[in-house]
Amino acid sequence: MMGTNVSLEENFQAYVDGENKVEPKDWMPEKYRRTLIRQISQHAHSEIIGMQPEANWITRAPSLRAKLILLAKVQDEAGHGLYLYSAAETLGEPRETMISDLQSGKAKYSSIFNYPTPSWADMGTIGWLVDGAAIQNQVMLTRTSYGPYARAMVKICKEESFHQRQGYEVVMKLAQGTPEQKAMAQESLNRWWWPSLMMFGPSDDESPNSAQSMKWKIKRKSNDTLRQEFVDKTVPQVEYLGLTVPDSDLKWNEARGHYDFGVINWDEFYNVVQGNGPCNKERIAHHVEAHEEGAWVREAANAFAQKQAQRKKNTGAAA
Ligand code: FAQ
């Protein structure tokens, strides 16, 4: 892929500009590699930590059908985490390093998973809004410039679409149910609306990584563009349900062809990202506990892999 007359960086940029995929063994700028490790591992951690708010309701789902669907969804999130850790490993980052960075607080995960899930309606709202926001962001990532990440995102997006429908169905049942059920749906929407908008990250002029990531085609759309697309798509869904968006500044702007919406509480966002949200400590403590409890599984799997490798070597030597 590389020529001789131009610098490696320029050649890399031209390669990316030509809509070619970068593969693990290709030369890449160190900062490109580090940015991808940061973003993909943060994404993987989000999928894994994101299982916790929903796992809270598996034992209390209101029907066997609801329980089966929720179980399947949470298992999907585990699978997404695993593909993404594998994609990050292709960049040379050991999985143990990623896990210890998560547990020490060095690596981030999505702010949204630091909010509690006190009601069943939250299972609907998470699928509808949180998976909805995740899809809005991730569809562009199926075209990201790093091949293993782009390919992982194709399968992930298909599953996230099912999750979004699952969530909308739960909220729709509540919104069309008794007045108490409708109130439960509205109360949940009130709590999740603003944190869902925060998921897209800081506004474009405050986003330190965006410009370079867009240039390298890691990101294809800016944080604000995606947030606006999400609002435009979701407001009619709220209206269809007969619910209300908890934003008195929300209104359709005919001239822009978009909804205008109120100011996001960025102090809350940074506070949560810095580890001080309602559930940050609980989420990490739970991860540490599950990781320690699962040590024997990793040891057994490693011992088995080593034995298989030894057997293969012995068979090869005998042949
Ligand atoms: N939370 O310069 P930018 C899901 C950090 S998956 C925490 O704009 P960037 C599925 C950012 O890391 C949800 N931190 O950064 C599911 C950076 O800090 P750093 C996760 C955030 O990377 C559903 C700093 O702020 N999806 O939900 C957040 O260019 C239901 C400055 O920001 C992904 O990870 C945040 N919300 O853009 C699972 C998608 N936003 O690292 C279970 C892939 C920003 O420099 C249940 N990631 N920060 O110290 C991305 O597309 C990007 O990384 C962005 C941020 C758009 C999230």
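Predicted model: local features only at pLDDT ≥ 70, side-chain atom pairs only at ≥ 80, totals over all residues.
A crossing of two helices is left-handed if the near helix is turned anticlockwise from the far one by less than a right angle, and right-handed if clockwise. Keep that in mind for the helix pair I will come to at the end.

I will start with the ligand. The shell around the ligand holds 35 residues, and those that come nearest are Gln 42, Lys 108, Ser 111, Ser 207 and Lys 219. By type, the shell divides into 13 nonpolar, 13 polar and 9 charged residues.

The side chain of Lys 219 places an N or O atom 2.6 Å from an oxygen atom of the ligand. For the side chain of Asn 209, the corresponding distance to a ligand oxygen is 2.9 Å. For that of Asn 137, it is 3.0 Å. As for cover, the ligand on its own has 1100 Å² of accessible area, and the protein covers 92% of this.

Which helices each supply at least two residues of the shell? They are H2 (30-49), H4 (64-89), H6 (121-141), H7 (147-175) and H11 (266-276).

Two of these, H2 and H4, pack against each other with their axes 8 Å apart, at an angle of about 160°. Angles over 145 degrees count as roughly antiparallel, so that is how H2 and H4 run relative to each other. Back to the opening definition: H2 passes H4 in a left-handed crossing.

Technical notes
Residues numbered from 1 in each chain as written. Heavy atoms only, no water. Near = heavy atom within 4 Å. Polar contact = N/O pair within 3.5 Å; in protein donor to acceptor, adjacent residues only side chain to side chain. Areas by Shrake-Rupley, 256 points an atom, 1.4 Å probe, with all protein chains shown as cover. Helix = DSSP H or I, 4+ residues; strand = E, 2+ residues; numbered from the N terminus. Nonpolar A, V, L, I, M, F, W, Y, C, P; charged D, E, K, R; others polar. Axes fitted to C-alpha atoms, helices over the stretch in contact; angles between N-to-C directions. Parallel < 35°, antiparallel > 145°, perpendicular 65-115°, else oblique.
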